[in-house]
Amino acid sequence: MAKTVKQLAQISNTTTETILKQLADAGLPSRNEDDLVTDTEQDKLVAFLKQSHGEQPKSRISLKSKTTSTAQVTGTSGKAKTVNVVRTKKVVYEKPDPAKIEAEIAAQAKAAEEARLKAAEEKQAAERSKQEAAERQAATLAAMRASSEPAKNSEANATVVVKKVKKPEGVKPADKVEKTEKKKTVKPVKQESAADKKAREAREAEEERLRQMEAETRRKAAEEAQKRTLEQMKQMASRYSETDDGTTAAIVRTKDDAPLADGLVGAALEESFEKERREIKRGAAGTAGRGAKKGRKGQQEEREIKTRSKGLKSSQANKHKFEMPVEKIVHNVEVGESIVLSDLAQKMAVKVREVIKSLMKMGEMVRESDTIDQMTAALVIEEFGHNFIPVSDTQLEDDLQVAVDEKSGNVQTRPPVVTIMGHVDHGKTSLLDKIRATKVASGEAGGITQHIGAYHVTTDRGVITFLDTPGHAAFTAMRSRGAQATDIVVLVVAADDGMMPQTEEAIDHARAAGTPLIVAINKMDKDTADPDRVINELSVKEVIPEEWGGDTPMVKVSAKSGMGIDELLEVISIQAELMELEAPVDGAAQGVVIESRLDKGRGAVASLLVKRGTLNQGDLVLAGEYYGKVRAMTDENGQRIKTAGPSIPVEILGLPEAPAAGSEFLVVSDEKKAREVADFRAARERERVLERQNKMRLDTLFESMGSAEAATLNIILKTDVRGSLEALLNALDELSTDEVKVRVISSGVGAITESDVILAESSEAVLLGFNVRADTAGKRKADEAGLDIRYYSVIYGLIDDVKAAMSGMLAPEHREQILGIAEVRDVFRSSKFGAAAGCMVQEGTIYRNKPIRVLRDDKVIFTGHLQSLRRYKDDVNEVKAGMECGLAVKGYEVAVGDKIEVFEIHEVKREL
Ligand SMILES: Nc1nc2c(ncn2[C@@H]2O[C@H](COP(=O)(O)OP(=O)(O)OP(=O)(O)O)[C@@H](O)[C@H]2O)c(=O)[nH]1
């Protein structure tokens with residue numbers, strides 16, 4: 001507030017003269033004692049006075065703080081004592097100097113101005129260089145026109161240029177362009193007249209128009225080149241990404257708004273089109289290479305590229321060199337029902353680790369070897385920015401099938417394929433035997449058919465092919481396959497036994513497959529035979545005889561006496577005629593694998609039933625997961641044959657492994673396709689196995705958490721053929737109860753090996769051999785480990801043992817013990833016994849009067865008795881290990897290398 005000089009004198013306790021003098025000294029205007037002094041003047045006066053008294057304005061303020069605490073220290077005497085610790089802290093604040101601030105502001109403004117000027121200069125320079133480039137281009141174009149078609153007008157020249165761009169192969173080589181460039185540079189500079197100026201302007205306008213056309217053409221050419229390159233990548237990435245309509249699906253998503261010509265071509269206009277084409281190619285190869293083996297860095301680059309909404313950065317465009325339009329390679333990832341993680345990663349060209357990480361983010365804890373389902377895979381694929389293509393698991397097979405269908409022709413009537421079904425011991429094999437007039441049943445262990453066989457017989461009414469399916473319930477799965485492959489089911493029902501569980505099952509299977517049924521009421525020779533009861537029981541299951549108004553032919557037969565056999569065959573033939581069974585005879589064969597096994601000497605042996613076409617020796621057969629050329633072909637009687645038409649069963653050699661019984665087979669002309677389908681099927685099988693294993697692991701984990709007492713019976717199972725293996729696995733699968741789980745931890749076809757024994761030892765599993773034995777190393781290992789190996793030749797014997805072990809009913813029972821093993825070293829003819837064998841007893845003792853088995857390649861091939869046992873010329877009752885002997889097997893001719901195993905059945909305390 002303004003005050004008079006007098007008032008100020010009073011406030012400061014001084015005279016008015018003093019104030020007036022001080023005001024004058026401070027440089028303020030002179031005044032009288034009643035004049036007002038403004039606030040600003042008062043401030044100035046105070047500042048002057050402070051300065052004149054030597055006082056500087058404070059620019060720094062110091063603050064001090066002090067804290068006191070205590071600490072425990074050890075004194076010189078060694079005693080601990082408490083001391084006070086004082087901490088002082090000083091903080092200095094600097095008061096901003098207005099002058100300094102002003103200077104700083106001025107400096108900043110100056111720098112900003114300089115930067116602006118610099119930017120403007122740079123912009124000008126860039127424009128200049130752009131203009132220069134445009135001029136160079138115009139000159140190049142003019143020179144090109146002049147050198148190519150001087151007579152034509154500029155419009156025509158432009159067309160030529162456009163044409164050349166569209167067809168890069170017809171373009172001019174680079175050196176010619178360079179020459180035209182040279183021509184331009186050596187031209188003398190003329191003084192420009194008015195007419196010249198007009199002409200120049202017209203030329204410039206025309207050149208500008210051409211330049212735009214040129215730019216447009218180049219853009220199109222670059223786009224086309226990019227398309228071609230991407231097409232190549234697409235083809236490389238996915239050879240089988242055909243859509244329903246047969247066109248190839250796009251593999252790469254390109255961004256529509258990405259500018260191509262400017263960024264791509266840039267100042268590379270001097271370059272020839274040919275060079276550009278080469279560079280596009282090179283760029284594509286480089287990009288593909290990077291894509292194929294990119295690491296984390298590569299992926300980061302990809303992400304950056306992905307987020308880029310526009311083309312190349314201007315800085316890159318100014319590099320004066322060709323740059324490939326960089327775009328993430330988007331793969332079409334085909335996924336079937338499920339996929340192994342490592343395969344998925346490979347298909348997306350990323351590391352498995354990355355896939356695992358992405359799944360972890362989704363809350364899925366997985367490992368490299370795990371399989372994930374189609375939906376989860378779809379999420380992962382989307383996450384990585386690729387295209388998810390769900391594929392039918394049978395797509396490749398379907399394609400092959402179409403190829404086979406196209407080639408087949410000459411449709412003819414074919415023999416019916418008949419499956420004989422029925423309850424155990426109702427006489428299926430005996431009936432077939434009778435039909436074939438060959439005994440098959442007598443040599444079988446336990447009287448059970450062990451695997452599916454197929455036979456064809458010629459009757460008065462034509463050829464009929466029979467599939468001989470085993471009777472035990474364990475073969476249900478295989479039997480249902482048999483029903484699918486067959487035209488007619490003959491249901492055998494014993495007249496003295498009637499309807500049994502497997503009779504019902506057979507009816508269900510035949511119905512499910514839509515296969516006509518013919519009932520053979522067997523054992524009619526027996527006194528206890530009651531066919532009416534059988535018919536009554538069948539009618540309950542809606543199997544009604546023709547006499548009762550139904551549609552099921554029923555024939556009373558006796559496999560023993562041969563009664564009704566001819567009638568049965570006739571009924572089968574009539575039924576077949578009614579069905580008008582036909583198949584193409586020409587063209588590639590296809591059908592079903594009935595049975596397969598690995599033979600030590602011959603490799604994989606597969607029984608096939610040809611359903612259509614003709615199978616020839618030398619054909620390339622794809623069966624299940626395996627393919628190979630048919631090296632040799634035999635019929636069911638072991639006769640070598642060269643061809644097999646529809647409905648004919650054959651045994652073939654030439655596949656690398658034994659395909660699963662029930663697999664479809666077909667002949668393919670293209671080995672590459674066969675390999676692809678085989679690989680695909682193998683991968684699918686692997687996925688299924690892994691899926692099952694994972695499920696098992698999880699289930700086990702869950703169950704063991706739920707019930708502490710749940711015991712698990714681990715089993716390692718080896719069998720002679722795939723058919724029995726599958727049957728046993730199915731049967732064992734069904735045995736698990738709430739208290740005891742049955743877990744087959746390993747299974748396979750062939751002898752029990754050392755590794756099987758080691759696995760059994762480590763996993764506390766029981767070793768079960770069905771019609772197979774342990775090989776020498778396996779046996780030695782089992783002896784060392786003190787492991788018991790259980791051998792079986794009858795399926796229900798094995799199942800019963802497992803059941804008994806599970807239920808704790810391990811009562812003493814009859815069990816086999818192997819007493820001795822002799823190896824056949826020589827075979828010679830004996831007038832008395834036929835074939836006699838010279839043997840070496842390898843283990844234990846060979847007894848003349850005890851039952852024996854003949855083993856070939858560690859598989860049981862015969863069970864029976866010895867006809868004679870000799871030491872030199874003498875008949876003996878026993879021969880001990882290490883001794884030679886001569887023997888003859890009753891009803892069987894042994895071969896060199898066979899083993900004769902003598903066993904006996906005795907009562908033992910049971911334990912598993
Ligand atoms: N009396 C009599 N016995 C028969 C007849 N058919 C079969 N058998 C006997 O019945 C038993 C079982 O015969 P198989 O032919 O092995 O019976 P299957 O149905 O093939 O048996 P699995 O292969 O075990 O399913 C044998 O002892 C035969 O001798 C028949 O018509 N009359």
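**Briefing on a predicted 912-residue chain**

The chain exposes about 50700 Å², of which carbon and sulfur atoms supply 50%; accessible areas come from the Shrake-Rupley method with a 1.4 Å probe, and for residues only the protein chains shown count as cover. This is a predicted model, in which local features need pLDDT of at least 70 and side-chain atom pairs count only at pLDDT 80 or more, whereas totals for chains, interfaces and linings use all residues. Residues are numbered from 1 along each chain as its sequence is written, and side-chain values use heavy atoms, with hydrogens and water left out.

**Overall make-up**

- The chain holds 25 helices and 38 strands, these being DSSP runs numbered from the N terminus (helices are H or I with at least four residues, strands are E with at least two).
- Of the 912 residues, 41% count as buried, where buried means under 20% relative accessible area, exposed means over 50%, and partly exposed lies in between (1.4 Å probe, protein chains only).
- Among contacts (heavy atoms within 4.5 Å) with a separation of 6 or more, 70% are accounted for by residues 24 or more positions apart.

**The largest nonpolar core**

- A nonpolar core is a set of buried Ala, Val, Leu, Ile, Met, Phe, Trp, Tyr and Cys residues joined through side-chain atoms within 4.5 Å, and the largest one here has 24 residues, with Leu-431, Phe-466, Val-490, Leu-568 and Ile-572 having the most contacts inside it.
- Two or more residues of this core are given by each of strand S10 (417-422), helix H16 (428-436), strand S11 (453-459), strand S12 (462-468), strand S13 (488-494), strand S14 (517-522) and helix H20 (565-579), and the largest share, 6 residues, comes from H20.
- Leaving aside neighbours within four places in sequence, Ile-572 is in contact with Pro-416, Val-418, Ile-464, Phe-466, Ile-488, Val-490 and Ile-518.
- In soluble globular proteins, nonpolar side chains tend to be buried together.

**Helix H14 and its ends**

- In helix H14 (residues 374-383), the buried residues include Thr-376, Ala-377, Ala-378, Val-380 and Ile-381.
- The cover over the buried residues of H14 includes strand S5 (332-335), strand S6 (338-340), helix H12 (341-348), helix H13 (352-361), strand S7 (371-373) and strand S8 (387-390).
- The N-terminal end of H14 is capped by Asp-373, which places a side-chain oxygen 3.3 Å from the backbone nitrogen of Met-375; a polar contact is a pair of N or O atoms within 3.5 Å, and within protein one must be able to donate a hydrogen and the other to accept it, while residues adjacent in sequence count only if both atoms are side-chain atoms.
- Gly-385, whose phi is positive, near 80°, follows H14.

**Surroundings of Gln-42**

- Gln-42 is found in helix H3 (residues 39-52) and is buried, with a relative accessible area of 16%.
- A polar atom of the Gln-42 side chain lies 3.0 Å from the backbone oxygen of Val-37.
- Once neighbours within four places in sequence are left aside, Gln-42 is in contact with Met-1, Ala-2, Lys-3, Leu-8 and Val-37.

**Salt bridges**

- The structure holds 23 salt bridges, each being a side-chain nitrogen of Lys or Arg within 4 Å of a carboxyl oxygen of Asp or Glu.
- One of them joins Lys-6 and Glu-33 (4.0 Å, N to O); Lys-6 lies in helix H1 (residues 5-11) and Glu-33 in the loop between helix H2 (16-25) and strand S2 (36-37), so the pair ties together parts that are 27 residues apart in sequence.
- Lys-6 is partly exposed, with a relative accessible area of 35%, and Glu-33 also counts as partly exposed, at 33% relative accessibility.
- Asp-756 and Lys-718 meet in another salt bridge (2.7 Å, N to O); Asp-756 lies in helix H23 (residues 754-763) and Lys-718 in strand S26 (residues 711-719), so this pair ties together parts 38 residues apart in sequence, and both Asp-756 and Lys-718 are buried.
- Arg-853 forms a salt bridge with Glu-901, the closest N and O atoms being 3.2 Å apart; this pair links distant parts of the chain, with Arg-853 in strand S32 (residues 852-856) and Glu-901 in strand S38 (residues 899-908), 48 residues apart.
- Arg-853 counts as buried at 3% relative accessibility, as does Glu-901 at 1%.
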